[in-house]
Amino acid sequence: MHTSQQITRIRHLLNNKCLSFIIGAGFSRNMSDRFVDWSGLLKPIVKEMYNIDDDNDVWHKIEEIGYLGIAEEYVRRKGYHEAIDVYIEQNTPIIIRKGNLEDPDEAEYIVMQNNEKVCIADITCHKLLFDLDVKNIFTFNYDNCLDIIGNTDVADKLLCRIRQVQTELCFLEQIRIEANNYTPENSATIGETISVQEPIATATPAISTTDFSTLIDELKTKFPTLNILRQTFNDNTAFHDKIEDEIARKKVEQSSLQRQRESCYQLISSAGMLSLTDGKKNIFKLHGTIRLNEDSEYGFDGDYHCNYIITATDYADYPFKHEPFVDYMKISLLKGSFCILGFSGDDPNFLSWMSWVKEVIDKNPEIRAELSQKDSARFFYIHSGDNPLSKDKRLLLKNHYIEYVEISKIFNGNSHKERIAQFLDYLSPKTSYFRKIKESWNNINKLLSSIQYSKESWDISSLSEDIEFIYNSHNINRIPIQTSLDNLNRDHILRVLHQKFNTKWDLVSEQEFKLVFSALRDELLLPSHYFEEGEYKNLLQKSQNPLFDDLEYLLQKEHAFCNRNLTYLGLPCSLFLQIWKNLYSFNFKGAKNLLDSWKPSNDSPVDKVRKLMFKAILSEDVYEQIPSLTNRDLYASVQDYINALELLPLISRRYRTLKDGGMNNIFDFSDIIDQIQTDCPYIKNADYIVNKLLEKVKGYRKPIPFGNKSQSFTFGRSNPEFVASFKILSIFFELCRPLYISNIILFPEEKWNLICENLYRDYPYPCLFYSLQYRSPKLITSICQKILYCDDLKNELPRIVKSLFSALRQKECPENYRQSIMLALPILLIGVNSTRWNKDFISFFNKLKPYDLKTRKYDDRNYTHEDFYKLISFGLTWTSDK
């Protein structure tokens, strides 16, 4: 396999939740070079034992005896294992977290050694590793880097609280059982002497009055909020209700704690904890974990004669003393896949683990057969060095069924750390990006608000990192959430910037250009929603590439929505925008030609999905092309993948009949989508965002032709219904989403009509384009009458009519549009002087020749004849050319 294929395979295994990581000492060195590998750890010992000063001689001695032999000899000379354990602790740094301990993202991480601060830790690679959200991370490292960055202390606290709640539940259950055996004779207050009747005969042994009073006293102490003192035992119902309510609350708390614990990494440092690993995320410390102080418990996994596995004897005894760990690892090898990171080719830990791999696979011919097949590798050694491994080591890996992945061929960082960070970032599902996006918008708005209200000098240089992050986030967050604080932040930022630009046009910085573009893009709005045309063009002229092209793209997008000519000063307009411009003007022939010439690259699956959606709008059958775009490995963004899984079934036109008589799409990805959204709660799909925006639009109304109902409208930025409606339209635009296809309603007609009512004056072409998809006489009549009687659209009406006549003459016009257009034209023609449409009507009339019985396409056997003859009759009646 080539390196790119290997990395694609790793991403595939990661996306399918079957990849684990094995972390070596080299990975800790990404945090600080004070963390040492085997050579760095043992070099002082070699110098001490063999009285060697020259580093080359030290290295030769290590090669001669071996790492494990050096450690073995040190213990032999000292006479006890504790000597090398203490030596390890003195030469192994730890990290501590300071600052905001409640929010790890805001905390500071410090490297400490022998109780002294060494440096600030670089946690980049470790954070990227945990962002992958793998279930299991195995390590032979002694240090606490993974423990701290993985927040294993949170899992420990949750486990303690779960056990405490379980104890409380058991006690409450006991109180309930014992209380059920008594019927009090008087109203003595709980906690005082209680007179009770003889217990009713039950299967539960009776408890004495004294013992029960003791239980009640204990209940008052443990649960003071129950206010037992105010109750009397004589009020049996109230007492029992309080106990039942508290039991219910504790069960809810227990369930919540269990869910929280499942999302946290727990530290597994002894075989006795292996029973806790099911359904949890785990960090396995296979060779011991660093003691943080002298008072910490000594010993590893029940062996109180050593704290760290390091000598030759320790390795030889490991399969016997720590058999459960070995068995667990071998079972994991049978079922899972592993990415090996941070090991040198001669690391004893790695060599030992490789022997386990070979032993397991050699004994299982089924796994050997599986691994021999194409694209079925399960074990990957990640090499981040400048130079390749030697041939003998590459052969060693191959003979142990391990793929050698030389990431420097793909990632061109200047160091091990940079290449590892690029590799992990490439694998990342980017779920952490969504939290960072929210934080960045909040930080930007907070500073701009401070400047605005305190009249401080304008300086946003401190926001450069946040602005740069937001500017580059589009490929991850293509359809941003529109109903959260982010939306309010972006709106306020645009208003502040507009106010600033009005007075200081000549002082616009690059960061401000990026901020304007990012806010408009993420708001799913157009330049005209915040800027006058002259203002935005002035902004455009002062910008430089690549920002000029970004800002011009938004202007071209606006021209597509308004059916204006796609003028440009920089790069030619994208094919995506040109296709939309042709569709909105009903130039189906032009759209089809452009679509046929569009060849999205393999690294642009979003554009490939868009192309299929366009084809479906043009009534092409795309069923055979759908499966190739449902592979998770194609998508860099989880959100893009979810949207693809939701969009593609809409255009499949294939359904299966269920046992209950219902229908279901051939492509049903609902389980995958549900699982992804459970794993990545920050990520919201387009349908979720659309439904949230619909809540901002007032109650649904059915389309009603004029004459049946009077209505009034208000428009502008301050109109939330208008803004929410346009954002929905913008989402349909970005995703190329049809609303009605092949007699299947993909978006409710009533909801679309409501959106139309808010937008038709400003955007008549998109409103008409989507309305005609439905082939609904009521909806088409309603939107056409709105356009017809709108004074603002009088000058646009002749252009609309001309576009529709042109569409009828095109063979590329889909049949559903042809029928709807013939229904729409007689309504729209009322408002246009016949001299403006006479030529187009005659051209249409002569092309179809309805008067020629031999060539006539529409007759009484065609269900569309009524709309056809209405158009013909209207045209012949009102044409100026009799």
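Me: By class, what residues does the lining of the second largest pocket have?

Reply: The lining of the second largest pocket has 18 nonpolar, ten polar and 14 charged residues, where Ala, Val, Leu, Ile, Met, Phe, Trp, Tyr, Cys and Pro count as nonpolar, Asp, Glu, Lys and Arg as charged, and the others, Gly among them, as polar. The model is a predicted one, in which local features need pLDDT of at least 70 and side-chain atom pairs count only at pLDDT 80 or more, while totals for chains, interfaces and linings use all residues. Residues are numbered from 1 along each chain as its sequence is written, and side-chain values use heavy atoms, with hydrogens and water left out.

Me: What makes a residue part of that pocket's lining, and which lie nearest its centre?

Reply: On a 1 Å grid over the protein atoms alone, a pocket is an open set of points with protein on both sides within 12 Å along at least five of seven lines, a cavity is a set where a 1.4 Å probe fits but cannot get out, and lining residues have an atom within 4 Å of a point. For the second largest pocket 42 residues line the space, with His474, Asn475, Arg478, Ser604 and Asp640 nearest the centre. The space comes to about 1200 Å³, a volume being what is filled by probe spheres set on the points, which are joined across faces, edges and corners. Several helices each supply at least two lining residues, including H1 (3–15), H21 (510–522) and H26 (605–617), and the largest share, five residues, comes from H23; helices (H or I, at least four residues) and strands (E, at least two) are DSSP runs, numbered from the N terminus.

Me: How many cavities of 30 Å³ or more does the structure hold, and which residues line the second largest cavity?

Reply: There are two cavities of 30 Å³ or more. The largest holds about 220 Å³ of space and has 15 lining residues, of which Ala25, Val36, Leu41, Asn141 and Tyr142 lie nearest its centre. Helix H2 (25–28) and helix H3 (38–50) are the elements that give two or more residues to that lining, which divides into eight nonpolar, five polar and two charged. The second largest cavity, at about 90 Å³, is lined by residues that include Arg478, Arg610, Tyr635, Asp640 and Glu734. Helix H27 gives the most to this lining, with four residues, and by class the lining has six nonpolar, one polar and four charged residues.

Me: Where is isoleucine 268 found, and why is it called buried or exposed?

Reply: Isoleucine 268 sits in strand S6 (residues 265–268), and its relative accessibility is 0%, so it counts as buried. Not counting residues up to four places away in sequence, isoleucine 268 touches, among others, Met273, Leu274, Ile283 and Phe325. The C-alpha atoms of isoleucine 268 and isoleucine 283, 15 residues apart along the chain, are separated by 5.9 Å.

Me: What makes a set of residues a nonpolar core, and which members of the largest one touch the most others?

Reply: A nonpolar core is a set of buried Ala, Val, Leu, Ile, Met, Phe, Trp, Tyr and Cys residues joined through side-chain atoms within 4.5 Å. The largest such core has 151 residues, and Trp580, Trp752 and Phe769 touch the most other members. Helix H30 (residues 720–735) supplies the largest share of this core, ten residues. Apart from it lies another core, of 62 residues, including Val75, Phe325, Phe338 and Phe350.

Technical notes. Buried < 20%, exposed > 50% of the residue type's maximum accessible area, 1.4 Å probe, protein only. Contact = heavy atoms within 4.5 Å.
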